[in-house]
Amino acid sequence: VQSLGATAIWLSPIFESPSIHRYDATDYYHVADELGGNAALAELVDEAHQGGIRIILDLVCNHISYQHPYFLDALNNSKSFYRDWFFFDPEDEIGYRTFFGVRSMPQVNLNHPEARKWMLDIARYWLEEYDVDGYRLDHANGPGPGFWGEFWQTCKHVKPESICFGEVVEPPDVQLQYLGRMDGLLDFHLCE
């Protein structure tokens, strides 16, 4: 990687998940065992940093797995502490809001203070405990620009040189709403 002139490695999702793509985490505090677990990430970060290479994690804040314990508790108990962390709608065919209608990926209500704090704590954890260098933020237009301002400030407070860039597949006028809330965006329209 170093010989290519690259200065960062962006890892696709690494957290525990029932799927091969891992965009539906069941545990944001554990690297999947088949990837070597947390110890493997610590070793990778250490080795990469020794070579002047940064490690960027792919973090999905918009949705989780329908097998995540918080969602299961909320789904099966209308009085659950986690119930308002999701968008339940008995009129909806699935019964809850999801990522593009995919039943296995319920959307997290990041407007709820406790759910928001949970996600910010996750971001803080990997920066503080594993010295990762930032995040590529999947489907960033899901939570919207308001959440990302606080997320970005949290990351910069922990590690000022960290980087946060989002996937916002929207026209430039919508992308401009993220100015000052992230370090950059993946611009698929420009790429096309």
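Student: At what angle do the axes of helix α3 and helix α4 cross?
Tutor: Roughly 30 degrees, and the axes of α3 (residues 113-130) and α4 (residues 145-158) come within 10 Å. Axes are lines fitted to C-alpha atoms, for helices over the stretch in contact, with angles from 0 to 180 degrees between N-to-C directions. Helices (H or I, at least four residues) and strands (E, at least two) are DSSP runs, numbered from the N terminus.

Student: Before going on, what kind of model is this?
Tutor: This is a predicted model, where local features need pLDDT of at least 70 and side-chain atom pairs count only at pLDDT 80 or more, while totals for chains, interfaces and linings use all residues. Residues are numbered from 1 along each chain as its sequence is written, and side-chain values use heavy atoms, leaving out hydrogens and water.

Student: Back to the helices: are α3 and α4 roughly parallel or antiparallel?
Tutor: Roughly parallel, a label for angles under 35 degrees.

Student: Which residues of α4 make the contact?
Tutor: Contact means heavy atoms within 4.5 Å. On α4 they include Phe 147, Phe 151 and Val 158, and α3 brings, among others, Met 119, Leu 120 and Leu 127.

Student: New topic: what's the strand order in the open sheet?
Tutor: The order of the five strands is β1-β4-β7-β8-β9, with parallel pairing; two strands pair if DSSP finds at least two bridges between them.

Student: Which strands stand at the edges?
Tutor: β1 (8-11) and β9 (184-186); each has a single partner strand, so one side of each lacks a neighbour in the sheet.

Student: And how many bridges join β8 and β9?
Tutor: Three, with β8 spanning residues 163-167. Phe 165 stands opposite Gly 184 in β9.

Methods: Parallel < 35°, antiparallel > 145°, perpendicular 65-115°, else oblique.
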